[in-house]
Amino acid sequence: MRLRESVVCMREAKEGRVAKKAKKKRAPRAQFTTDKVDVLGGAAQILRTAINGDVWQFRTWLPSEGKYLRLSLKTKDKEVAIQKAQDKWIEVQSLAQKGKTVFSPTLEKIVELYLEDRQGDVDSGRITKGRHGTLTSHLKAGLRYLHSAGYTRGGELDSRSLIGYEDWRRKDHPEIKRVTIANELATIRHCLKYAHIEQLTDVAAFTTKKIKVDEQVDVREVEARTFSNDEYERLTRYLRSWAAKKNCVDENEYVLRQALRHWVLVGANTMMRVGELRQLTWGNVKTYRHKDYTLAQIYVARDTTKVRKPRQVDVRGGQYLERWKKTSKNTKNTDLVFSDAGGKQIDKTYQYRAWKQWMDELGYDEDGSRNLTWYSLRHYGITMRIAAGNTYETIAMVAGTSAKEIEKTYRHILREEMRTAATREVEVLREIKEG
């Protein structure tokens, strides 16, 4: 009896599962063809279906790819549909003769695969996270251009697909620098070369217009992007109030504002890059007294610096790091020096909005011509070291660059030194003459 009841229960359970499955199963969609016309002797067809209504569809068999190509002709006119179908069939045959596939990956997919491959370079330390972000930005611009030129898949590209990139880029951004365009194109070409190696496209190289990149640094631009002493002092005074506890809605905002305030002070004193400061941990920072000053010994790890070379430097501004450490909620060796109350990296959107607020309220860059940014703190720090008489070699070692680059970029300070020397020479000659 028990065995019979068990069998009955099992049967009922099975029937219940089948019934439940049947409920979930979608009703079959009406796919039947309502009208069909052969084109080019049956090599292709135009057809209508119950789903697409009166709009004609194109269909042809692709022997090399073993499947049908089917797409909408976006017309209800039969004669227009036939003409479009003939043109499309000729286009498909042309691609086949060139050895290109119709169902090649989309450009978005190619970019996605390339960036995944470059992420491996980040993980192994060959490039920084910041560099990976730059590559992503370059390729977003490249995708916009290729889409505007009518390309959507890798198989549609040819050797001249990038020929109009510079003109397109300057159309909406006439102020963009040649070196920026050249760097973007280099990234785009490298991505497409990767696609060719991986057999995602058939084009091995792309022709582009030669971009003449001026190696000379625009001294006036560097001057404009650097704070004067008065501007820097006004900024630091302003930040005392901006980051004061009374002006913050809660403790979390107070910590966040204090983090940005001290970022400014440390950035100007250490001449570190934005990305280096963003990834700096407390384990790589030591402070100590030297004569009447509190200095900081900072180790900049290889995987956090732009030039992929680690450096250890002794710089001033140690008192700011000590003061900030007393306020920060996260001070273990593995914790980021500049983080929010939860120990996470400071949100970039918040950080850059704060900067814009400061510049607007201080009236430093009202028309945007000076382009003052977080990087301007590094400019200011280097400028002050040159003015103080430090050698280019010493500054370069601390800033993590070359003496040649310092001299080339900050030659306006050298010009000021020449003026000072000339004035001093005239004064000495005058004293001799009068004596």
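**Figure 1. Strand β2 (residues 44-49) is mostly covered in this predicted model.** Six of the six residues of β2 are buried, where buried means under 20% relative accessible area, exposed means over 50%, and partly exposed covers the range in between (1.4 Å probe, protein chains only). Strands are DSSP runs of E with at least two residues, helices are DSSP runs of H or I with at least four, and both are numbered from the N terminus. In a regular strand, side chains alternate between the two faces of the sheet. Ala 44, Ile 46 and Arg 48 point one way from β2, while Gln 45, Leu 47 and Thr 49 point the other way; all of these are buried. The model is predicted, so local features need pLDDT of at least 70 and side-chain atom pairs count only at pLDDT 80 or more, whereas totals for chains, interfaces and linings use all residues. Residues are numbered from 1 along each chain as its sequence is written, and side-chain values use heavy atoms, with hydrogens and water left out.

**Figure 2. Four strands form an open antiparallel sheet in the order β1-β2-β3-β4.** The edges are held by β1 and β4, each of which has a single partner strand, so one side of each is left without a neighbour in the sheet. On average, neighbouring strands of this sheet are turned by 25 degrees against each other, direction ignored; axes are lines fitted to C-alpha atoms, for helices over the stretch in contact, and angles run from 0 to 180 degrees between N-to-C directions. Two strands count as paired if DSSP finds at least two bridges between them.

**Figure 3. Strand β2 pairs with β1 and with β3.** Strand β1 (residues 33-39) runs antiparallel to β2 over six bridges. Asp 35 stands opposite Arg 48 in β2, and Leu 47 in β2 is the bridge partner of Lys 36. The hairpin of β1 and β2 has four residues between the strands, and Leu 40 takes a positive phi near 55 degrees there. Strand β3 (residues 57-62) pairs with β2 in the antiparallel sense over four bridges, with Leu 47 opposite Gln 57 in β3.

**Figure 4. Strands β3 and β4 form a hairpin.** The two strands pair in the antiparallel sense over six bridges, and Thr 60 stands opposite Leu 69 in β4. Four residues lie between β3 and β4. In the turn, Gly 66 has a positive phi of about 65 degrees.

Figure 5. Most residues other than glycine have a negative phi. With a relative accessible area of 72%, Lys 74 is exposed. Arg 308 is buried, at a relative accessible area of 15%.

**Figure 6. Arg 118 is a buried residue of helix α3 (residues 107-123).** Its relative accessibility of 14% is why Arg 118 counts as buried. Leaving aside residues up to four places away in sequence, Arg 118 touches Ile 127, His 132, Leu 135 and His 190. A contact means heavy atoms within 4.5 Å.

**Figure 7. Helices α9 (residues 251-270) and α13 (residues 376-387) cross at roughly 40 degrees.** Their axes come within 7 Å. The angle makes α9 oblique to α13: angles under 35 degrees count as roughly parallel, over 145 as roughly antiparallel, 65 to 115 as roughly perpendicular and the rest as oblique.

**Figure 8. The protein chain as a whole has 16 helices and seven strands.** Of its 435 residues, 39% count as buried. Among contacts between residues at least 6 apart in sequence, 57% join residues at least 24 apart. The accessible surface of the chain comes to about 26400 Å², of which 50% belongs to carbon and sulfur atoms. Accessible areas come from the Shrake-Rupley method with a 1.4 Å probe, and for residues only the protein chains shown count as cover.
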